[in-house]
Amino acid sequence: MTLRLGLGLPQMPQYDPRRAVREVARAAEEIGFDSVWVFERTVFPRAPLDELYGVPDLPWPDFYQRCADPLVALALAAAVTDRVRLGSSVLVSGLHAPFPLARTLASLDAASGGRVLAGLGTGWSQDEYRAAGITPYADRGAQLDELLDVCAAVWGPDPVAYRGRWTEIAPASVGPKPARPIPVYLAGGGGRALDRVARRADGWLPAHLTGERLAPLLARLTGAAERHGRDAAELDVVLRVGVELTEAPLPKAGRPPYTGSHEQVLADLAGAADAGAREVLVDLQVHCRDGAELADRAAELHGRIRAAGL
């Protein structure tokens with residue numbers, strides 16, 4: 001099976017929001033990428049309440065300052081493309097009220113002709129939760145479960161009715177409806193997160209994992225799906241990786257995955273595919289200066305991946 005390829009859209013501070021997203025989205029479709037993706041970062045705290053990704057002494061990177069809104073970026077991409085799927089890896093559920101987010105995703109799917117992939121996760125930043133003022137951080141898992149319920153109701157037939165902890169919808173017509181059932185992908189690698197994927201999702205969104213680290217987690221997900229009476233083969237797996245390409249190969253010892261020469265990065269991608277990734281979302285935006293450079297590097301990497309038979 002050919003590895004599907006996605007491309008991260010430019011949202012970081014060095015990109016001109018007036019043109020970069022549209023430029024890269026058009027280029028991604030012309031190059032042959034299968035999908036384009038956004039992420040969500042809302043604040044850059046001066047004194048963070050949390051360590052970055054939970055890793056001790058890891059500072060927040062400067063490229064997380066002033067990140068463009070993911071839903072605006074997806075709408076811009078939808079307007080200038082016809083084929084690529086439009087995904088989020090991920091929207092942080094607790095930063096959004098469930099009903100408005102469900103309606104926005106439905107509208108985007110209807111406007112794009114059925115191309116939205118709703119990638120959701122609970123996030124990890126208490127600062128972002130406090131700034132949003134939607135959900136207490138301690139309730140992030142329960143709120144994600146409610147969001148999934150609300151999406152199913154809003155995207156389904158009228159009349160829509162729902163009563164939960166954060167959301168109450170009296171019987172009503174709610175539209176527009178999605179062009180087709182929107183696939184829901186969930187992030188996370190812990191026990192509860194994987195169990196939620198197994199129970200409720202169409203796909204899983206791991207991030208920054210080598211094939212060696214991906215394989216055991218996918219085995220756990222497969223076991224969880226079987227316990228819930230689901231066929232694990234029906235669960236899609238889209239792996240997000242940050243890619244940094246160098247002119248010369250990097251020393252093997254201490255080399256971060258998906259970093260180095262094209263040959264080293266291709267070997268990492270092959271390992272991820274062998275471990276069970278069906279699609280890889282390559283994010284090149286950190287180390288590019290503008291949309292034109294990002295599009296050029298994406299074209300070269302896409303060509304090398306396909307030439308390698310992946």
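Colleague: Which backbone nitrogen lies 2.9 Å from a polar atom of the side chain of Gln11?

Modeller: That's the backbone nitrogen of Phe39. Keep in mind that this is a predicted model.

Colleague: And what makes Gln11 buried or exposed?

Modeller: Gln11 has a relative accessible area of 2%, and buried means under 20%, so Gln11 is buried. Gln11 is found in the loop between strand E1 (4–8) and helix H1 (20–31). Leaving out residues up to four places away in sequence, Gln11 touches several residues, including Trp37, Val38, Phe39, Cys67 and Gln285. Ala68 is also touched by Gln11: the two are 57 residues apart in sequence, but 4.8 Å apart in space, C-alpha to C-alpha.

Colleague: You mentioned Cys67. How do you know that the sulfur of Cys67 is too far from the closest cysteine sulfur for a bond?

Modeller: The closest cysteine sulfur is in Cys288, 15 Å away. A disulfide needs the sulfur atoms within 2.5 Å, so that pair is too far apart for a bond. The count for the model comes to 0 disulfides.

Colleague: Why is the link between Asp283 and Arg240 called a polar contact?

Modeller: Their side chains come to 2.6 Å, and the cut-off for a polar contact is within 3.5 Å, so the pair makes a polar contact. Asp283 lies in strand E13 (residues 279–283) and counts as buried, at 8% relative accessibility. Setting aside neighbours within four places in sequence, Asp283 is in contact with Gly8, Arg240, Val241, Gly242 and Val243.

Colleague: What makes Asp34 and Arg306 a salt bridge?

Modeller: The N to O distance is 3.7 Å, and the rule asks for within 4 Å, so their side chains meet in a salt bridge. This pair links distant parts of the chain, with Asp34 in the loop between H1 and E2 and Arg306 in helix H9 (residues 291–307), 272 residues apart. Asp34 is partly exposed at 22%, and Arg306 is partly exposed at 27%.

Colleague: How do you know whether Asp145 and Arg196 are buried or partly exposed?

Modeller: Buried means under 20%. Asp145 is at 21%, so Asp145 counts as partly exposed. Arg196 is at 12%, so Arg196 counts as buried. Their side chains meet in a salt bridge at 2.9 Å, N to O. That pair joins helix H5 (residues 140–155), which holds Asp145, to helix H6 (residues 191–200), which holds Arg196.

Colleague: Why do Glu168 and Arg163 count as exposed?

Modeller: Exposed means over 50%. Glu168 is at 59%, so Glu168 counts as exposed, and Arg163, at 68%, counts as exposed too. Glu168 and Arg163 form a salt bridge, with the closest N and O atoms 3.0 Å apart.

Colleague: How many salt bridges does the count come to?

Modeller: It comes to 21 salt bridges. Arg4, Arg85, Asp236 and Glu279 are linked in a network of them.

Definitions and conventions. Residues numbered from 1 in each chain as written. Predicted model: local features only at pLDDT ≥ 70, side-chain atom pairs only at ≥ 80, totals over all residues. Heavy atoms only, no water. Helix = DSSP H or I, 4+ residues; strand = E, 2+ residues; numbered from the N terminus. Buried < 20%, exposed > 50% of the residue type's maximum accessible area, 1.4 Å probe, protein only. Contact = heavy atoms within 4.5 Å. Polar contact = N/O pair within 3.5 Å; in protein donor to acceptor, adjacent residues only side chain to side chain.
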